[in-house]
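The entries follow the order in which I went through them.

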Amino acid sequence: MGSVDGGKLRFCIDRGGTFTDVYAEVPGRSEGRVMKLLSVDPANYDDAPVEGIRRILEEFTGQKIPRSSKVPTDKIEWVRMGTTVATNALLERKGERIALCVTQGFKDLLQIGNQARPNIFDLTVSKPSNLYEEVVEIDERVELVLAKHVKSDSSASIVQGISGELVRVVKPLNEEALKPLLKGLLEKGITCLAVVLLHSYTYPHHEISVEKLAMSLGFKHVSLSSALTPMVRAVPRGFTACVDAYLTPVIKEYLKGFISKFDEGLSKLNVLFMQSDGGLAPESRFSGHKAVLSGPAGGVVGYSQTLFGLETEKPLIGFDMGGTSTDVSRYAGSYEHVIETQISGAIIQAPQLEINTVAAGGGSKLKFQFGAFRVGPESVGAHPGPVCYRKGGELAVTDANLILGYVIPDYFPSIFGPSEDQPLDINATRVEFEKLAKQINFYRKNQDPAAKDMTVEEIAKGFVNVANETMCRPIRQLTEMKGHETKNHALACFGGAGPQHACAIARSLGMKEEPYSAVYGPESVLEASNREATLLRRVKKKLLVQGFKEENITTETYLNLRYEGTDTAIMVKCPINENGSRGDYAVEFVNLFQQEYGFKLQNRNILICDVRVRGIGVTNILKPRALEPGSGTPSTVIVEPSCKAIITKYGNIRIEIESIHKVVEVAKEVADVVQLSIFNHRFMGIAEQMGRTLQRTSISTNIKERLDFSCALFGPEGGLVANAPHVPVHLGAMSSTVRWQLNYWGDNLNEGDVLVTNHPCAGGSHLPDITVVTPVFDKGKLVFFVASRGHHAEIGGITPGSMPPFSKSIWEEGAAIKAFKLVEKGNFQEEGISQLLLFPSADESAHKIPGTRRLQDNLSDLRAQIAANQRGISLIKELIEQYGLETVQSYMKHVQVNAEGAVREMLKSVAAKVSSESAKVEGDSVIIEEEDSMDDGSIIHLKLTIDGQRGEAFFDFSGTSPEGCLAPVKIYIPPGCFLSPSDKAAVVGGNVLTSQRITDVVLTAFQACACSQGCMNNLTFGDDTFGYYETIGGGSGAGPSWNGTSGVQCHMTNTRMTDPEIFEQRYPVLLHRFGLRENSGGAGVHRGGDGIVREIEFRCPVVVSILSERRVLAPRGLKGGKDGARGANYLITKDKRKVYLGGKNTVEVQAGEILQILTPGGGGWGFL
């Protein structure tokens, strides 16, 4: 581990969420000293890292160091620390008071974000709170100059930005107007700012001026988005600035407190902190946005340097299971970085190690719910922690491991109890498990009177098995979504709980910057090289200042590359040829793109987005040494049957998993409560990986960026088994789609066939949503279906974007496909599908309707859907190989039955609780009638009958104007009403408008919440050369215990909004305003959410279509709550006239005209 200088100690510290681990190199000892402390133990000490250093120094020096006195530094050479201080402050919202400075018109930009809600089935639409308290809108504006306007505009206000793009300063920054606004913040006690101005990634001058003014007025910290992460996309850049402003003062305060615990000699020590990108930084450069993954990053660096190339040549998957969560990473000779991640609702755009965190650790809560074992995502935390911590906590994974003997109290630090000297409390844990056993066994007896009682140990083992499967899902996603086979990796397990789960996880997995923008070419590569040289000098200078010698400094250069017309960039490390010369970045990019996304994009320019240089200063702390016999400290590692453990010469434990193939035997006739949870995870994981494959392999903005797609898994009869949490309006209808195809094709389905459909009478939604269905065969027998549905932005029809507001017949809306074999016996039918897409009205000889305007995009996305389905098939076959077809299909049915039972229990609960003036009681049934109207007066009428005894519901839509997938639910839709249109009727609005109103009616009948905006606010515009489509969020309805959420997608959709800077960069538009429509939510005890205001100026003539609802009839409140505000659509002409467009319209718009869309608010709940 290297020599220790002058008899001094070196400290390496990992302050985790539950425990703090302190490692010290001690002079004169061949092995280090390790100490474990609770990270939070306020009754005994203020700071765990300081306490660890204090105790070890006492041991080493033999001198008592009172906690009240400063820690001496004369025996310390240096300290390295990874800390979760920043992470915890972000998660718990305990950062600094800050204000946000943003371009005028965008004060709600970060509150709206991408407008998607975190959990599609959560009616409360819970979102993390804003990090900022106040917003200052700055009257300034910079716009990008369109290429075709460059020659005709010689204005002096046009300048070249850092990225090479031309910009025009439309409104210079008015410092005199800004000064009183900033002074007002100081008067409120806010002394920290986050600044994000549109297009500051290329023109940072206005942000820099704001910083200078703010500091001169007395602000103590200002975070500029352009300085932190100079990359296009205002939303993630703004979040990054907020995170930095919110956390950096907290970190500085913590570090100040940490340093204050030591004597004055600390200033001479080298104290470095781990950053999210795996590098170390001194206290002066350790900032908030680079600190949130400080702790996990240290683990990645540790296992990569001590295992890869020494213990194995295989790529490594890091499995860091701690007390609060589990971190998963990958290392194959170089660190894998990402530029963007999301933590606690905040998008952070900065280089960081790719670490996936799953909420399943030793502290994950154990629950028995709806007949199945549940592990997490809630955690018992470090305080009070699991039951065995003696703090009055709840059952957690650590308790289960304790019951099973996987955690041995004698080998676990005795740091519990009032005096910090008691071991883990196994008796208390057993008492709590016995209580849970009574609940579980009572349920099992009701399901099967012959069922034997499960013992406490069997229950604990069941929870551990479920936890293992929970943690396998992110591992599969991290590797397989990038084209790597999980089974070809070695698992590197560490963290407090990792060794207890290593064998089971490995077996289950099958193991044995600087901004720049230009088209890639000789000239741009030369320019990039010049920028690289500048960055190399800066990086080396910073490392030399930190005390690293030049011979210990290495650098890595990266180009951030993407195909023109896509938003997906890949950070490409400088390739080195065999002769040591530099290789071609473009060749490496194409190879990486094909590996990750499954195809190449022909005839597309490659763009250079950024030049990055990473500097690495090497110390000798990580150089492994051979282990001496008899050394080491006690540790518990579980070695399961058919596994062999070997102590390596470096002190690591290599576990070899015996690769004997055998089918896992589990109960089939009656659902095993543990296996039911495991199969739930496996089925859901299949659907999720299908979705990731689709996103990865598609090329359209709609699917890749806006995530307007859904994937699901179905039984051989077409019944839903599992769906990923994608777009609700897709998921509800896909089972009908699969059943229709099964009935249509009958026995004419063969292995290698892939079906395509989009027609509403065949279970479709609206025509742009194309569904690809693939039957799954096992030994010639049809055993499953997989399906993916994606919104194609163009499929023909009378308007660009295929969303015509005034279509009267379905053939006006584009290609309508009831049934076609997209792939027949393995052969892609390109000619056939092209004919269907290009000539949508071939059977309507009197009508010549344009076909798709983007055929190649359609074909590429259809191939992506095929690839997603194929991924699902591969995973299903792996599951069948592991468990056998009979077991897999049995648990497919058990999962469906379990879902049915959960719905029945919910319906019984609703029947018991529902109270409505219109409710009638007939025997065991409660009858509720609800009605709502579309803007044209069409009525949606629902008579809901709930049988409270049987847990069943009957939805009767009789009374709806003319023209269940679960067993407890029956639905009747009278023929001829507009909820049951003929196969010739226009339906484009049914998917995006009618579906929203039906949901409002159903939820109102259940008395669940007030009406939400009831619309998707569909906007399309374009000409013969391009098309654009978006849906715009609004206000969600309030409920019995919550306010509605503002500016969010509601009910049947959850697609994202295009970032303002991308919007203006790619399309001939200027976005003047994107914010909340204040006070548009209905009043009440709980207020409805506000809608959105969106104002778009068009810079060239286009055809604009708006398809919207709630422009006539307002979203209704409930229980006395007031209605939300109606929406409105206006066109502001160049002479400032404001023309009302109604709810549905298509207009030709001239350059300089502005479209203003006001989306509806949500209804309120309860009398004030």
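**Entry 1: helix H10**

I began with helix H10, residues 426–447, whose 22 residues reach 31 Å from the first C-alpha to the last, close to the 32 Å expected at 1.5 Å a residue. I note here that the model is a predicted one. Next I asked which residues of H10 are buried, and I found Thr429, Phe433, Leu436, Ala437, Ile440, Asn441 and Arg444. These residues cover an arc of only 150° around the axis, which means that they sit on the same side of H10. I set beside this that an α-helix has 3.6 residues a turn, so residues three or four places apart point the same way. Asn427, Lys435, Lys438, Phe442 and Asn446 are exposed on the other side of H10. At the N-terminal end of H10, I looked up the cap and found aspartate 425, with a side-chain oxygen 3.3 Å from the backbone nitrogen of asparagine 427.

**Entry 2: the six-stranded sheet**

I then traced an open sheet of six strands, which has the order S3-S2-S1-S4-S12-S13 and mixed pairing. Strand S3 (33–38) and strand S13 (280–282) are at its edges, and each has a single partner strand, so one side of each has no neighbour in the sheet. From one strand to the next, the twist averages 20°. Strand S2 (residues 19–25) runs antiparallel to S3, and six bridges join the two; threonine 20 has leucine 37 in S3 as its bridge partner.

I also checked which helices lie across these strands. Helix H1 (residues 48–61) lies across strand S1 (9–15), S2, S3 and strand S4 (76–83), and runs at about 140° to S3. Helix H8 (residues 294–307) lies across S1, S4 and strand S12 (270–274), and its angle to S4 is about 110°.

**Entry 3**

Another open sheet has three strands in the order S7-S9-S8, with antiparallel pairing. Its edge strands are S7 (141–144) and S8 (158–160), each of which pairs on one side only, and neighbouring strands are turned by 35° against each other on average, direction ignored. I counted four bridges between S7 and strand S9 (residues 166–171), and arginine 141 stands opposite lysine 171 in S9.

In the loop between S8 and S9 I stopped at glutamate 165. Is glutamate 165 buried or exposed? Its relative accessible area is 16%, so glutamate 165 counts as buried, the cut-off being under 20%. Its side chain makes a polar contact of 2.7 Å with the side chain of serine 163, and another of 2.9 Å with the side chain of tyrosine 201. Leaving aside neighbours within four places in sequence, I listed Leu144, Val159, Gln160, Tyr201, Thr202 and Gln1065 as the contacts of glutamate 165.

**Entry 4: glycine 1035**

Last, I looked up glycine 1035, which lies in the loop between strand S41 (1027–1031) and helix H22 (1060–1066). Glycine 1035 is buried, with a relative accessible area of 0%. Not counting residues up to four places away in sequence, glycine 1035 touches several residues, including Ser1012, Gln1013, Thr1045, Cys1050, Asp1090 and Pro1160; among the others it touches are Gly1089, Gly1091, Gly1161 and Gly1162.

Key. Residues numbered from 1 in each chain as written. Predicted model: local features only at pLDDT ≥ 70, side-chain atom pairs only at ≥ 80, totals over all residues. Heavy atoms only, no water. Buried < 20%, exposed > 50% of the residue type's maximum accessible area, 1.4 Å probe, protein only. Contact = heavy atoms within 4.5 Å. Expected span 1.5 Å × (residues − 1). Arc of directions from axis to C-beta. Polar contact = N/O pair within 3.5 Å; in protein donor to acceptor, adjacent residues only side chain to side chain. Pairing = 2+ DSSP bridges. Axes fitted to C-alpha atoms, helices over the stretch in contact; angles between N-to-C directions.
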